[in-house]
Amino acid sequence: MKTQLKKIMAYLLVTALCLGVGSYPGRIAQADTLIYESEYTDLNAGNFLMRTFKVPSAGRVQFYLYANEPIAFDFAITTGSYNSSTETTKVTADSSYWEKSTTAGKVKIPFYADFDQGSYAFVLIPRQNIEWAKVEGYYVDPASQTPDDTNTSSKAPSLASKSITLTKGFKGKISVKNAGSAKLSYSSDNKKVVTVNSAGTLTAKKKGKAVITVKTSTNITLKCNVTVKDNVYSNKKQTTFDKFSKAYGGEVSKVSYDTKGNMVIKVRLFNKSKKKVSSIKNLKITVKNKSGKKIGVYSAKEQSVSIPKGKVKTYTFKIKKSKLKIKSKQNLPFMKKPSVTGKFISKSSSSGSSTLKRG
């Protein structure tokens, strides 16, 4: 039993490509045919129950899950039988999804799935003990469907992205596909890291991770992993000294804002010559955002430095907030690679100079 449970739980993690699950008007038309019915008693949490059924031709099956009380559960619809199942539609529901049944003392959840003709299996896994449950499945004759029924999307709601990376201080958006007219609610499990409003807009508060849960009025729960990073540009492909091909050069390794809004730039300067470099004439460091607009430019007619021969040193330069071309904080991790230009001057003689054109 434990081996079978592990197998079926593995199937439950597969997202369906062709089956759509959602809420459906709670009706049973005269033309609808009962094709599935199972009743269970004394169900233990975590034990899976599976029954097979056949769909006579391509169409929709309206399901009803009844219970003696609201419970939290998982259910899945798999193609074929248990051993040959290859595609799974999974829905997770908590106790808030239940509605009162016309049968005294019972509650129910209606939902549907669209199928091709063939054999399928229905799997129910309660997440708490339950005394009684029943599942009914009705094949909906396509001729009996109303325009509203047939216009319902056959694809289950899903996230456009299951993971999002944001920068501290910036916003993002949770996008749900195939939601149709379903109402959506959002929540964050770590509001200190990221918050989400009723429209799915994310606000990154501080570095860390959080999980955003999206619940639809069609009884589907979706989860998105959000990672928030500090607002810092870091050059992840820094040139090593032995790979640097010129006598002189440099590259920006890091860009950030200090607490006053000034821009702080760290630059690695290379000297592979046999002479010490004492200054850089017409030094210019240009920082641009993702769209190519200049955020700020650091410039100096002659910048004093001290770089021994055959060495690389890191220098820190600052552009005051008042001098920035764009005063509002920019999304630094996604900005373009900064450029550095200037003319390296050796201490002994200007004849050892070199014009720096490396970005």
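Are Tyr298 and Phe317 buried or exposed? Select the two residues: both are buried, where buried means under 20% relative accessible area and exposed over 50%, with partly exposed in between (1.4 Å probe, protein chains only). This is a predicted model, in which local features need pLDDT of at least 70 and side-chain atom pairs count only at pLDDT 80 or more, while totals for chains, interfaces and linings use all residues. Residues are numbered from 1 along each chain as its sequence is written, and side-chain values use heavy atoms, with hydrogens and water left out.

Stay with the rings of Tyr298 and Phe317, whose centres are 4.9 Å apart with planes at 45°, so the pair is tilted (rings of Phe, Tyr and Trp, the last by its six-membered ring, pair if their centres lie within 6.5 Å; planes under 30 degrees apart count as stacked, over 60 as edge-to-face and the rest as tilted). Because Tyr298 lies in strand S24 and Phe317 in strand S25, the pair ties together parts that are 19 residues apart in sequence (strands are DSSP runs of E, at least two residues, numbered from the N terminus).

Next, select Ile265, which touches Phe317 as well as Val252, Ile285 and Tyr315, among others, not counting residues up to four places away in sequence; contact here means heavy atoms within 4.5 Å.

Then move to Phe53 and Tyr120, which form a stacked aromatic pair, 6.0 Å centre to centre with 25° between the planes. Phe53 belongs to strand S3 (residues 49-55) and Tyr120 to strand S9 (residues 118-126), so this pair ties together parts that are 67 residues apart in sequence. Both Phe53 and Tyr120 are buried.

Technical notes
Helix = DSSP H or I, 4+ residues; strand = E, 2+ residues; numbered from the N terminus.
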